[in-house]
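Morning, everyone. Please have a look at the model on the screen, and I will walk you through some of its packing.

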Amino acid sequence: MGLKTSKRPFNIAIIGGGIAGLTTALFLHHFCPPGSIEINIYEQAEQYREIGAGINLGVNATKLLHQIGLGDKINAIAGSKDGVFFTLRRWDNSEEITTIYSNDSGKIRQAAVSRAELLQVLLDAIKERKAATLHTKKKCRSVTKTKSAIKITFTDTTTTTSSFLIAADGIHSPIRNQYLPHSPPLYSGKIVYRGLLPFSALPTPWPIQSHHVMWIGPNKHLLVYPISQGETQTLNFVGCITTPEESLGDLKESWSATCPRAELERDFGDCDGIVQELIRLLPEEVSKWKINDREAAEGWVFEQGRVVLVGDAGHPMVPHQSAGAGQAVEDGFVVGRVMGEFLRRGDGKLEEWMGVYERVRMPRANKVQETSRGAGYLYQMQAESMKGMSYDESVPILRDTVQERMKWIWEEELEGVFEEERGRLVGKVEVGGGRGGGGCFCM
């Protein structure tokens, strides 16, 4: 169905006010014709905030954020870069295995940032640009398609309607569960400890060439990297270990779960002295997170194109490639481009245009999901190619594998993939029956 002539803006609801939801809103605001859309963002918490520590944004994501005028602000909150993505070290003596370099000299570069600071940049942009209306204490329970809209029911029993709904409400998304009921969480076999260390507390001199370090051990790995700048500069700490599920008790897949630091000291007690020193600098209580995995979704677009999934709601992935946030940014970019084309052209069906989003993003996100799983095995010397080998025998395989591992993620030309799929649909629409009226926004 094409667009009908109307001056009413196309109403868009975004469920979830985290990184995926806010970036999607900003891309929609940027790419859609002025005045053509009205965005409401519904966040379940009492305020917009991010729980967790640091994240890495690859160049694939930061170059998209530069397109909408946020690049300089992202660079201003990013941790110091020294041309090193990560230097990989033995867990027991910090001897170098290999170092992965990155080009950090340009304006468009990788950014390791605090989740909270990144969210604040996005929130400030939403408010300054009047890109969306922000709601809090609105947890979605379910959605229902009516004749002309999507009805959203919240857990407080209130309801609202929207022409188009974007589920950006994370790994526990009730919308994902409603449309994909047969994709339960599966324990990945690994848990993660997280914490933050002020730079002022770090050992001096720092004994390794870079603060971007990953220690590789049998059935465990640990990494640190700087986030933020100036007085708030912090070292993000992540320790990951393979452990049987029966030993976890009632540990949940939750950013808010914690444990005594003594558990971390026990699990990484065989690591090098610098690792032990860093662990002792952590607070008495540290974050402890059960890493669940999920099978790739069968689809992200439902209700004839009126409901779409983005970010972890669509493609939750284990964190071993630090790629999840960047994939959410790519989702938002493509949804914004697709919706802009749909509203601007005034031809074709919404379902067809959202199919472009799915075809552009799903193969790539699924591959990132799969290779993130593989990275967890690789960084703990558990890869299939290492079976039956000792740690020392596995080191050359690790060294040869990691150097090229991230390039395909960072160097994707997403714009070109989008233009190719867009061209296919435009050709189909024009051959199939001409153009619609254009300049109209409601359905």
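Let me start with a definition. A helix axis here is a line fitted to C-alpha atoms over the stretch in contact, and angles run from 0 to 180 degrees between N-to-C directions. Keep in mind that this is a predicted model.

Now, helix 2 and helix 8. Helix 2 covers residues 59-67, and its axis comes within 8 Å of the axis of helix 8. The two cross at roughly 40°. Angles under 35 degrees count as roughly parallel. So helix 2 is oblique to helix 8. The crossing of helix 2 with helix 8 is left-handed.

Which residues meet there? From helix 2 we have N60, A61, L64, L65 and Q67. From helix 8 we have G326, Q327, V329, E330 and F333. Sorted by class, this contact has five nonpolar, four polar and one charged residues.

Stay with helix 2 for a moment. Buried residues in helix 2 are N60, A61, T62, L64, L65 and H66. An α-helix has 3.6 residues a turn, so residues three or four places apart point the same way. Just after helix 2 comes G69, with a positive phi of about 80°.

Next, helix 1, which spans residues 19-31. How does helix 1 lie against helix 8, roughly parallel or roughly perpendicular? Their axes come within 8 Å and cross at roughly 30°. That makes helix 1 roughly parallel to helix 8. This crossing is right-handed.

The contact takes A20, T23, T24, F27, L28 and F31 from helix 1. Helix 8 brings A328, V329, G332, F333, V335, G336, R337, M339, G340 and R344. By class, that is nine nonpolar, five polar and two charged residues. Note that V329 and F333 of helix 8 also meet helix 2.

Helix 1 has another partner, helix 4, residues 115-129. These two pack at about 30°, with axes 10 Å apart. Helix 1 passes helix 4 in a left-handed crossing. On the helix 1 side, the contact uses I19, L22, T23, A25, L26 and H29. On the helix 4 side are R115, L118, L119, L122, L123, A125, I126 and R129. The classes here are 10 nonpolar, two polar and two charged.

Now to the core. The largest nonpolar core has 83 residues. Which of them touch the most other members? They are I12, L28, I175 and M339. Which helix gives the most to this core? Helix 8, residues 324-345, with 10 residues.

Leaving aside neighbours within four places in sequence, M339 contacts F10, I12, L28, C32, F164, L350 and M354. Two of those names, I12 and L28, were on the list for the largest core.

While we are in helix 8, find R345. Is R345 buried or exposed? Buried means under 20% relative accessible area. R345 has 9%, so R345 counts as buried. R345 and V426 are 81 residues apart along the chain, yet their C-alpha atoms are separated by 9.5 Å.

Let me move to the loops. Q110 sits between strand 5 and strand 6. Its relative accessible area is 4%, so Q110 is buried. Beyond residues up to four places away in sequence, Q110 touches L57, G58, V59, K81, F85, S102, D104 and W410.

Last, some backbone details. Most residues other than glycine have a negative phi, and most peptide bonds are trans. Here are some exceptions. Q304 is not a glycine, yet has a positive phi of about 55°. Q304 lies in the loop between strand 18 and strand 19, and at 45% relative accessibility Q304 is partly exposed. S322 is not a glycine either, and its positive phi is about 50°. Look for S322 between strand 19 and helix 8. S322 is partly exposed, at 25%.

And where is the cis peptide bond? It joins T204 and P205, with omega about -5°. P205 is in the loop between strand 12 and strand 13.

That is my tour. Thank you.

Note on methods. Residues numbered from 1 in each chain as written. Predicted model: local features only at pLDDT ≥ 70, side-chain atom pairs only at ≥ 80, totals over all residues. Heavy atoms only, no water. Core = buried A, V, L, I, M, F, W, Y, C linked by side-chain atoms within 4.5 Å. Buried < 20%, exposed > 50% of the residue type's maximum accessible area, 1.4 Å probe, protein only. Helix = DSSP H or I, 4+ residues; strand = E, 2+ residues; numbered from the N terminus. Contact = heavy atoms within 4.5 Å. Parallel < 35°, antiparallel > 145°, perpendicular 65-115°, else oblique. Left-handed = near helix turned anticlockwise from the far one by under 90°. Nonpolar A, V, L, I, M, F, W, Y, C, P; charged D, E, K, R; others polar.
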